[in-house]
Amino acid sequence: MSEPGRPRRVLVVDDDEQLRYVLRETMTEDGYEVEAASNGREALTIIERWQPDLIVLDLMMPVMDGETFRQEQRRLRLAERAPVIVLSAAREMRSIAERVGAAASVPKPFDLDDLLATVGRLAASPGA
Amino acid sequence: MGAEMAIAGPPLAILIATDGEADAARLRAWLTDDPARACQVAVVRTGAAALGRCRAEPPDCLLLSASVPDMDAHAVLEALPRPHDDLPACPVVVVGSGAARPAAASTDRAVAEAWVDGDRLTPEALWIAVRGAVERHRLRQQLAASQAHLAQLTAQHQTGTTGAASRLRAELLTEAGRRLAESLEPAATLSTVTDLLVPALADMCIVDLFRDDSAVERAAVIHADPARAALAANLQQYPPDLTRPGVAEALRTGTSDREANVTDEMLVRIARDDEHLGLLRALGVVSHMRVPLVARGRVLGSLLLISTTPDRRYGADDQKTAEELARPCALALDNARLHAAEEWARQRATTLADATRALTEVGATPAAVLPLVAQQAATLVGDLAVVRLLSGDGRWLDPVAVDHPDPTVRDEANTLLSAERHPVEQGATGAALRTGRPVRVAGAALETLRRATDPRLWPPLPRTPTDALLAVPLLVDGRGIGTLSVSRAATRRPYREDDERFLQELADRAALAIERARLFADIQASEERFRRIFEYAATGIAIMDLDGRFVQCNPAYAAMLGYRADALQHVPFTALVHPDDRAETVAEIGVVRTGELPFFESECRYLHQSGETVWVRTFVSPLPDRSGQATHLVSLVTDVTERRQAEAERTALLAKEQAARADAEAAVRARDQFLSIAAHELRTPTAGIKGQAQLALRMLRRGTSEPERLERSMRGIEVSADRLAALIDDLLDVARLQSGQLRLRPAALDLATLVEAAVWRHREQTPSDLSLTFEQAAEAMTVIGDAGRLEQVVDNLLSNALKYSPAGGAVRVALRADEAAIILSVQDDGIGLPEGAAEQIFRPFGRAANATTQNLPGMGLGLYISRQIVEAHGGRITATSSGEGQGTTFTLWLPSSPPLVLDDSPDGTASRFEVKTDEVTTEEARV
């Protein structure tokens, strides 16, 4: 449901301040409109007013973790079409990513260019 | 023998003299109950009264109690009116007791007609005594009358004729009357008569008597000349043949006959055969006369008087004298026979009573009973007696007891008969069993039977040939269980109906006794069986009264609880029950006693005499009496202590195994979780470092001219690297702790100084809106410990307190000591602890929920490491909180150092100082 000509919107959800900074900086540079949240609860507050085209989601976070965020997101029918890239240091990342219906998963630590390539691919072809 | 004893005419009038109420009632009943014996009975209480009645109107018989008051029996007998020649007005039967039988003297006027033992008296014996007394009294009266008549005749002879012969006869008659009056024995009576006749009236005298079976028996042959007596005795073989006319007519007609001159022709006619004739000729019979013996209208026999003296030829006077003599003689004979018959009947009745007693004695076995039965049958009926019992298969009668009055015959018969099985289908004995009725055979019928049956049933018994046979069944409830039979030779009289009755009565008593004996044996065996079950059962069995007191318990029961079986009698069972189970057990017994439940089964604890607990399984049920009313309780008890112990051990083992497995699983899970978290925690700062580095590189590649952004990335790298380094330190500590490799370098140190330094260090970094205070006692707080590690713990506690404190909060640190420990407390008014978190926070990565939700940084390893360090020092650390938002207090105890001057006390205190010199590992210190 993207509007042509409007910059692609990416929501970054991660409890690590360093990563939020790095992703916001690089993706903004690459022309994305970026919002960042430090946990699921903050992310829900953001998507109530701001429709992302893509969500980069950490799993293990305080207050509300990634999986709970996805459940709430579905329950509240918020940004349902935005594809999700799971970005996590958790060992069970792949299985959780599958469970939460992620389009891609990237283990931490990650290569910035690889991540941006994935972001670019998924943001270019908005959710089916 | 066995004279007719039926009494015709009106019922007998009996007077009973006794002061015993019950005795009178008993005697009256016995004399009136049986219609055949219906007597008119009157009762008086005293001897004087009895005497008065006898004087006024003599009864047919006086039944006099030996212990009658007022006048005793003897006095009454003495004083009885005697209208006829010393004969009392009525016969008297004295009812005595045991040894009180009076000594009888024939000349004593006080002799009774009969004496009976009141203690052993039966209706039958009483009747025999009364009936016999009445009958004999009547005979005596007749005899007395006859004597009076003889006396009269004698007087006539003496006055009429003066011849020597007449005088002799007169004397003879007088003497006969005197002697006969006293004779009570049939044999004695006969010899009394013959002694008088020979040689006074005859050279030979032959007495012929009718037997019961109407045959004539030659009872006596007397010869005056002893030299010819043997020859005369041969006539014994030739009793008169009544089928031949003209022979012994007197026996048939009852009138005497006489032959003054016996001719040879006559002898030829009389003689049965040549030998008989030769005998008669040899004896030289000159004259003879036969006078019948008649009493009570019956011909009993005859006296045959023979003269072998040529000048003694009998004339009418002789015949008359003989007739006069024969009359009292017949009466006396009849009297004697009656007396003998009565004696015999009484003996049988007494025997039956004795037999009943003996046979029904408790504990009498068939083996003891049956020979007694055979012996009584052999003695009282005669001669050979055999008891046979039905075999188990019901096909045979097996001899079990054989008896005969003659021991030689008995042994012979025993040998021949005892192995001989008698088939039930055959013979008189078989018939008695099959029909349940007596079988009595003799003569031709017996011969027919003998021919019709197996010869083996008739073993040759030369001394006691079976010419008469009487067999009666042994019946129990109408079912034949055996037979009792008697047999005898033809020389003895055949069996009569009274023999049959007597034998059947004996058999009935024997059958009853056998059945009783069998039942008794069964009961004994059964009792023995149950007693053995009780004695030898592995299960404890106790019988209690309804109040729960032991009546009896078996050895197993007593042994289970360490007592002797008899020691528990009357003890309430509750005394043996474990106090904790007592109330419940009493309730259970109550439920059974009231019948609410038919039984109660439970497991509970009893107390052994030693005081040990015995686990038992009990089964309590009521023990009803015959009416079904519970009178006792039965408790079956099994020791289940071992089973209980085994179960408990198994359960404990299982629990231990489960716990061990759960521990192992938890350990594996914890390690997995730890690794997961640790990996995550390591990767996160690594990702930060890598991201910042790549961002910085991107900026450099693009030739950015914004040094602030570069610097920011570099600082980010530094923060993440620091975090990573701290994390790695913590993880290494954890790894050492978990593998027991954390090394402590213990030394005496002053904890107060250490804490104070830490407080100063933290105060430098404390935001101005937080207060950090330290309160300490004046003295030094010496502990033995690793300074670096304890510093780490104190730092951790202080940084936590500051981290979780809200703005404007206060952290209060206090240090104090008690006898054994130095106590450090760090109190904040921060976020507090949710319920259940006080312990959780000391586990690896065990951060409290409110710490993570409020997004406060921390890895959750600091408190875990701190606790491990404190415990390695022999101390402990806990956290308390009133709840979320209520602040938290951490308290640390460390054992205070002992005095610095060491003594050599061997109580182990010295060992605690080894830590001063040696490094200890966490593993060792924890032990």
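**Close-up views of the chain A–chain B model**

**View 1. Salt bridges at the interface of chain B and chain A.** Across this interface of the predicted model, 7 salt bridges are found. One of them joins the side chains of Asp30(A) and Arg702(B), at 3.7 Å from N to O. Polar contacts link 13 residue pairs between chain B and chain A, with both residues at pLDDT 80 or more.

**View 2. The side of chain B that touches chain A.** Helices H19 (641-701), H20 (707-739) and H24 (849-853) of chain B each supply at least two residues. H19(B) gives the most, with 16 residues. By class, this side has 14 polar, 9 charged and 4 nonpolar residues.

**View 3. Extent of the contact.** Chain B contributes 27 residues and chain A 26 residues. About 2,400 Å² is buried between the two chains, and carbon and sulfur atoms give 52% of that area. His680(B), Arg683(B) and Arg698(B) supply 23% of the area that chain B buries against chain A, more than any other three residues.

**View 4. The open sheet of chain A.** Five strands pair in parallel, in the order E2-E1-E3-E4-E5. E2 (33-37) and E5 (104-107) of chain A stand at the edges; each has a single partner strand, so one side of each lacks a neighbour in the sheet. The twist averages 15° from one strand to the next. Strand E1(A), residues 9-13, is joined to E2(A) by 5 bridges. Val10(A) stands opposite Val34(A) in E2(A).

**View 5. Helices across the sheet of chain A.** H1(A), residues 17-29, lies across E1, E2, E3 and E4, running at about 170° to E2(A). H5(A), residues 112-124, lies across E1, E3, E4 and E5, at about 160° to E4(A).

Notes
Residues numbered from 1 in each chain as written. Chains lettered and ligands numbered in written order. Predicted model: local features only at pLDDT ≥ 70, side-chain atom pairs only at ≥ 80, totals over all residues. Heavy atoms only, no water. Contact = heavy atoms within 4.5 Å. Buried area = accessible area lost by both parts, 1.4 Å probe. Salt bridge = Lys/Arg side-chain N within 4 Å of Asp/Glu carboxyl O. Polar contact = N/O pair within 3.5 Å; in protein donor to acceptor, adjacent residues only side chain to side chain. Helix = DSSP H or I, 4+ residues; strand = E, 2+ residues; numbered from the N terminus. Nonpolar A, V, L, I, M, F, W, Y, C, P; charged D, E, K, R; others polar. Pairing = 2+ DSSP bridges. Axes fitted to C-alpha atoms, helices over the stretch in contact; angles between N-to-C directions.
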